[in-house]
Amino acid sequence: MFNLMSVIEDYLVDQDDGMRKLLTWFINFVMEQEALRQANAQRYERIDSRKASRNGYKPRTLKTKYGKIDLLKPQFREFPFETKIFEKYSRVETAILNAVAESYLQGVSTRRMKKITTALGVGEISAFSVSRIAKELDEKVKEFLSKPIEHEIPYLLVDATYFKVRDGLHYENKALFVVAGIRDDGYREILGARLADSEDSLFWEDLFEDLKERGLKGVKLVVSDGHKGIQKAVKESFIGSSWQMCHVHLTRQVLKKVPKKKQKEVAEKIKKAVIDRQKYTDLIGELDSMGYKGAADTLENFQYDVMNYMQFPEKHWKKIRTTNMMERTNKELKRRSRVVGAFPNQGSVLRLAVSILIDINEDWITGNKYIIMEQFPPDNSFT
């Protein structure tokens, strides 16, 4: 038997081997559904309406564009098992991959799955089968989001990606916040993810408390955009730590309040101002005198939170003054979810997102160090 989670994880990294495993799992699954229909009973089910008894499996190979795959064809004692999977395979190969990606990994409606199973001559996939697979994915999500945090995390970063999710009869954009850390050994690690039900400090305090219960400690700097409540939550949850406003997010917020023809000029000035306190103060006054009061107010609101990164080793600055290290994470989440369009519920978002995050996390913790932490003073005093 193939391990479903292993198959999904291989598929999500787009490897040919993962594709072969995915096709093997899915085609075997379809033949199982055919066998249940032909026997008119579940496996080991003793009912009068049963038409045939199972008699193991017969090995069968199938050539695909990803290479040869080994399958297990069900057998009956009373009559030959019949399948339409082989005669129709070449025509529906692409549809199989799309259907699996959409209906199983992303958790969308089974209506799309009906089309492919009908083309295969299997009929409607059972709600029980969909539920069983979703349960396996949910268990994997829970396992990852509750794993112990074993290293100290001096730098904590939070960034958001937005998904369209159904809520009752309408769809709305939901923010999925991903929390990552730079560990005391210099490696990056994804620590958690949560869909925001609000942006007040209670949401953040609850999220941070969950991370602390799992072992989060040693936080010195939290880097994020300017979502409401996060600053207060950092003060409450990580006493003695600092909050850093991401320079990229700050620039975006300011430029929204500046005429397009002036945005390039202002962006250059912001770039110089966020590394020099006097230039920052001067820019606030300059924007105000130019009539860009909203832009000036934005800079003023974050004036005490844009240079906190400077209290740490200078060679770390480029990596900790923005949330850019999570850019690839957000791009992968968007790229792999594009086929879905809109998710039917919040659980389906987490099933896909966490599967992707597990992949990325493995790359991070087995790859190169992100920061050389030996640059810290021996006592970690950050002075």
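Student: Angles under 35 degrees count as roughly parallel, over 145 as roughly antiparallel, 65 to 115 as roughly perpendicular and the rest as oblique. At roughly what angle do the axes of α8 and helix α11 cross?

Tutor: This is a predicted model, where local features need pLDDT of at least 70, side-chain atom pairs count only at pLDDT 80 or more, and totals for chains, interfaces and linings use all residues. Residues are numbered from 1 along each chain as its sequence is written, and side-chain values use heavy atoms, without hydrogens or water. The axes of α8 and α11 (residues 293-301) cross at roughly 155° and come within 8 Å. Axes are lines fitted to C-alpha atoms, for helices over the stretch in contact, with angles from 0 to 180 degrees between N-to-C directions. Helices (H or I, at least four residues) are DSSP runs, numbered from the N terminus.

Student: And which way do α8 and α11 run relative to each other?

Tutor: α8 and α11 are therefore roughly antiparallel.

Student: Which residues make that contact?

Tutor: From α8, Leu 250, Gln 253 and Val 254 take part, and they meet Ala 295, Thr 298 and Leu 299 of α11. Contact means heavy atoms within 4.5 Å.

Student: How many residues of each class in the contact of α8 with α11?

Tutor: The α8 contact with α11 has four nonpolar, two polar and no charged residues. Ala, Val, Leu, Ile, Met, Phe, Trp, Tyr, Cys and Pro are nonpolar, Asp, Glu, Lys and Arg charged, and the others, Gly among them, polar.

Student: Moving on to helix α10 and α11: at what angle do they pack?

Tutor: Helix α10 (residues 277-289) packs on α11 at about 160°, and the two axes are 7 Å apart. α10 and α11 are therefore roughly antiparallel to each other.

Student: What makes up the contact?

Tutor: On the α10 side, Tyr 280, Leu 283, Ile 284, Leu 287 and Asp 288; on the α11 side, Lys 293, Ala 295, Ala 296, Leu 299 and Glu 300. By class, the α10 contact with α11 holds seven nonpolar, no polar and three charged residues.

Student: Different pair. How far apart are the axes of α6 and α7?

Tutor: The axes of α6 (residues 201-213) and α7 (residues 230-237) lie 8 Å apart, and these helices pack at about 40°. That angle makes α6 oblique to α7.

Student: Which residues in α6 meet α7?

Tutor: Ser 201, Trp 204, Glu 205, Phe 208 and Lys 212 do. Across from them, α7 supplies Ile 230, Lys 232, Ala 233, Val 234, Glu 236 and Ser 237. The α6 contact with α7 divides into five nonpolar, two polar and four charged residues.

Key: Helix = DSSP H or I, 4+ residues; strand = E, 2+ residues; numbered from the N terminus.
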